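This report is meant for a reader who is meeting the structure below for the first time. Please keep the sequence and the 3D view at hand while reading.

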Amino acid sequence: MKRLFQRCPVFLLILITFVLFGGISVRGEQSVYRNIPAATGYAPVCAPMFKGIHEGIYPWSSVDCGLAKRENESGAGLLKAAAVSACDDCDSLRADMVLDHESPGADSVSGNGVDGFGSVSGNRVDGFGSVSGNGVGGSGSVSENSADGLGNVSGNDGKESDSLSGPSENVSGGQNNVLDSVTEAPVFRSVGEDYFDDALFIGDSRTVGLFEYGRIEDRAQFYAQTSLMIYEVMENPKAIVETDDERGSITVEEALSEHQFGKIYIMLGLNEMGFGTPESFGKAYGAVINRIRQLQPDAVIYIQSIMHVADEKNRTDPVYNNTNIDLRNQPLKQLADNQNIFYLDVNEVLCDETGCLNSEWTFDQVHLKAAYYQIWKEFLLNHAIVRQ
Amino acid sequence: MIDRNDVIAVFSLPNQNVLVFHSLEFIFRILPICLLLCALMPGTGFSGILLLGSLLLYWMAEPSLIWLLLAVLFVNYMLAWWIGCCERKGLRRFFLALSVLCDFGLLFGFKCAAFPFWKENGAMPLGISFYIFRAVSYVADVYTGQSSPELSPFKLAVYLYMFPVMASGPITRYGQISVQLEKNMSLSNLEKGLRLFITGLASKVLIADRIGILWHEIQVIGFESISTPLAWMGAFAYTLMLYFDFSGYSLMAVGVGRMLGLTLPENFHYPYAARSFTQFWRRWHITLGAWFRDYVYIPLGGSRKGRARTCLNLLAVWLFTGIWHGNGWNYLLWGLLLWLLLTAEKLFLSRWLEKHRILSRLYMLILVPVTWIVFAITDLKELAVYFTRLFPIFGVAQGTVNGGDYIKYGKMFWLLFLFGWLFSQPWMERWYQRTKQNLLWTVSLLVVFWVCIYYLVNTASNPFLYFSF
């Protein structure tokens with residue numbers, strides 16, 4: 001054996017570690033890695049362990065922790081970042097896990113998105129409640145947890161809202177801001193760039209592009225980050241908003257409590273396409289919009305349509321195609337009340353006659369090339385709500 | 001452990017991954033199975049099982065074109081045989097010309113998409129540029145008498161189609177392979193080959209694919225909107241990506257060959273340590289350069305027929321090299337640019353370069369990325385735009401430039417640039433050769449291997465850059 005090791009040490013060590021990692025993966029498949037999605041193509045027997053490490057589940061992680069993490073993610077469609085940080089204390093996660101198990105319909109796809117949303121941010125929903133001052137039991141009452149989490153956010157009067165139009169009605173009913181027009185169709189004006197002086201942009205990598213190449217970075221604020229999703233936008237612990245003080249960075253929720261804005265532009269939804277359904281997505285989006293309305297009662301909120309992808313991707317991608325994008329733009333349209341919340345379809349100017357993102361303006365079929373962010377910006381400047 | 005889905009995954013055709021060395025399929029299925037079968041086979045059946053396996057893999061990767069391999073084999077086998085039998089010089093010449101015509105006709109036919117049965121959106125059939133070159137070199141070697149014609153078509157097929165060199169070289173010679181067809185597998189060869197394979201895998205997965213992200217990002221931004229520092233960073237990123245991609249691939253091929261007991265030729269020898277383009281092209285894709293030298297440059301007269309003729313011969317070689325690499329006009333331009341540089345070096349520059357150590361390094365540092373940019377950007381208009389960004393004196397930016405872009409990407413990629421530079425210099429290997437028994441290397445290679453697997457499992461692996469050639 002010793003001679004064998006001297007002659008081919010690397011080979012032997014790889015063989016031994018392969019058996020070891022394979023064993024860990026096979027053993028964990030029924031427990032820690034139960035919810036790791038199966039590979040689409042071929043994957044070696046040790047793949048679950050490596051996927052687990054990528055998700056923050058290590059071979060030495062406790063079974064409960066790993067399981068809770070995955071169930072939170074699969075249930076909620078939350079980004080791992082949120083769950084990873086949550087795993088700092090396994091106890092709270094275990095509590096979540098219990099909640100998840102007991103919430104009915106956690107296995108149905110449509111139920112997942114919504115229920116999960118409540119349960120993952122369960123401990124944070126608590127926080128939500130206390131900030132807005134209408135505290136609800138939160139994680140205290142087990143069975144009601146998930147529904148309460150959302151209802152709590154959307155309804156000021158504590159009423160649960162189940163229908164899609166519910167959230168916006170609630171808000172518009174509660175707050176009566178006077179607009180220059182209260183008719184159905186909004187009156188958009190063309191304005192100069194100083195319109196953005198008190199504007200805030202929230203979004204994913206495409207909004208990061210607008211920040212870098214829109215030439216408005218000195219005027220507007222940007223709370224944008226690559227792969228940001230609506231499910232986590234308010235409480236994502238990643239450094240989205242940087243502060244000057246010793247805190248370093250704060251969440252969007254905290255930032256919106258501290259600074260007031262005149263206009264808030266949101267474009268989110270492409271990264272979410274692999275998670276949940278158009279309904280659950282719309283619901284989560286509505287909850288975020290309502291929370292923003294609570295924190296920013298005077299701001300005009302612009303919901304921008306999810307930008308289409310270009311022709312080639314549209315044809316070849318089973319998930320990220322324009323049919324699916326339009327399915328998700330539909331509930332976003334309905335969130336607009338045309339008084340405080342407006343829907344802007346950026347695809348009007350960014351797409352060619354086939355309805356795909358103009359393929360001359362993009363390399364990767366998803367993001368605009370730098371020079372073409374101006375078109376997006378001009379569109380926003382030509383679709384401004386001016387309050388008297 | 002082997003479930004139905006695995007079987008389907010491996011046998012879903014076409015599945016090019018079976019010949020992509022840095023795919024999980026290859027590392028965890030194909031390679032172990034091939035090694036095991038070859039090891040279990042008694043000595044006499046070794047080349048047979050190698051051939052059978054290679055053809056099977058090719059059929060899995062490119063199911064519609066397996067007949068083409070047999071046709072190329074048949075034509076070249078017959079013609080080489082006739083050349084060997086024939087006494088009359090004119091007839092021998094005719095057979096040689098016929099085989100060259102058939103082989104290159106096929107290659108150019110696919111390049112110009114002239115065949116109605118082949119409509120794979122402009123991509124070349126897997127490995128064709130490489131096996132055609134092996135075939136031509138075999139027939140030419142028979143013609144010049146360096147090799148005798150192979151009487152066994154099976155042995156010739158092993159040389160042409162063995163899977164370690166099938167997809168992307170190195171371009172072996174018949175003389176190198178024909179003497180190695182006896183089984184020579186051993187544990188020490190396995191270990192050596194595995195070490196080479198891991199090094200190549202790491203080059204590809206940990207450096208080339210990572211630094212390739214910057215080049216991708218720059219394309220996403222659009223060339224018209226990058227700052228001049230970022231344009232240079234992009235050129236360096238592409239330079240490093242191409243090197244680690246292709247040298248890594250070649251190293252994996254040599255490693256696989258070694259595990260099977262075959263010694264395959266080295267394809268890269270630290271080209272980025274060269275101090276002139278003349279040296280550079282003796283160290284970059286060595287087997288291709290040698291092929292052009294032996295079968296184009298020297299038959300045309302090489303450098304023996306006077307200065308003007310030498311320059312013309314070089315021009316032929318470099319135009320041919322350009323065309324071989326791809327269909328676009330930029331490849332011709334790239335060939336011309338290299339011809340200019342190499343001719344200048346041949347005429348006067350190299351004497352000056354040899355004297356100035358630092359200036360020659362600076363010359364390479366600037367010009368190598370520039371030549372690679374011409375190679376990289378197939379659209380001539382875009383290429384012109386990139387040059388205005390590299391050299392702002394040629395024109396102003398037409399897009400929206402974010403002047404601080406290079407700081408953002410510099411922060412993200414500086415470590416990769418550092419590693420890329422370090423590993424493209426020969427010091428690491430010298431150190432390894434002195435201390436390779438050290439346990440530290442063993443452990444490092446083990447860790448590096450699993451880190452590569454970590455990346456492969458968690459990212460969709462990119463198809464290798466050179467496959468469409």
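In what order do the strands of the open sheet in chain A follow one another? The 5 strands of this sheet are arranged as β2-β1-β5-β6-β7, and their pairing is parallel.

## The model and its confidence

The structure is a predicted model, and its scores are ipTM 0.88 and pTM 0.83. For chain B the mean pLDDT is 90, with 94% of the residues of chain B reaching 70 or more.

Within chain B, helix α11 (residues 228-259) has the highest confidence, at 97, whereas α1(B) has the lowest, at a mean of 55. Over residues 461-469 of chain B the pLDDT is below 50, although this stretch has 23 contacts in the model beyond near neighbours in sequence. Where pLDDT is low, the predicted coordinates should not be read in detail.

## Chain A and its sheet

Chain A holds 17 helices and 7 strands, and of its 388 residues 46% are buried. Among the contacts in chain A with a separation of 6 or more, 67% are between residues 24 or more positions apart.

## Strand β6 of chain A

Is strand β6 (residues 300-304) of chain A mostly covered or mostly uncovered? This strand is mostly covered, since 5 of its 5 residues are buried. In a regular strand the side chains alternate between the two faces of the sheet. In β6(A), A:Val300, A:Tyr302 and A:Gln304 point one way while A:Ile301 and A:Ile303 point the other way, and all are buried.

On the side of β5, strand β5 (residues 263-267) of chain A is joined to β6(A) by 4 bridges, and the two strands run parallel. Here A:Ile264 stands opposite A:Ile301 of β6(A).

## Where the two chains meet

The contact between the chains takes 29 residues from chain A and 32 residues from chain B. On the side of chain B that touches chain A, at least two residues each are supplied by α1 (4-11), α2 (24-40), α10 (187-221) and α20 (439-458) of chain B. The residues of this side of chain B divide into 17 nonpolar, 9 polar and 6 charged. One of the contributing helices, α1(B), is also the element where confidence in chain B is lowest.

## Two domains in chain B

The domain assignment of chain B gives domain 1 (42-182) and domain 2 (188-468), and the C-alpha centres of these two domains lie 28 Å apart. Between them, 19 residues of domain 1 of chain B are in contact with 21 residues of domain 2 of chain B.

Which elements give two or more residues to the side of domain 1 of chain B that touches domain 2 of chain B? They are α6 (128-144) and α8 (163-166) of chain B, and α6(B) gives the most, with 5 residues. By class, this side of domain 1 of chain B has 11 nonpolar, 7 polar and 1 charged residues.

Note on methods. Residues are numbered from 1 along each chain as its sequence is written. Chains are lettered from A and ligands numbered from 1 in the order in which they are written. This is a predicted model: local features need pLDDT of at least 70, side-chain atom pairs count only at pLDDT 80 or more; totals for chains, interfaces and linings use all residues. A residue is buried if 20 or more other C-beta atoms lie within 10 Å of its own, exposed if 12 or fewer, and partly exposed in between; C-beta atoms are placed from the backbone. Two residues are in contact if their C-beta atoms, placed from the backbone, lie within 7 Å. Two strands pair if DSSP finds at least two bridges between them. Ala, Val, Leu, Ile, Met, Phe, Trp, Tyr, Cys and Pro count as nonpolar, Asp, Glu, Lys and Arg as charged, and the others, Gly among them, as polar. pLDDT is the predictor's confidence in each residue, from 0 to 100. Domain bounds come from an automatic or database domain assignment.
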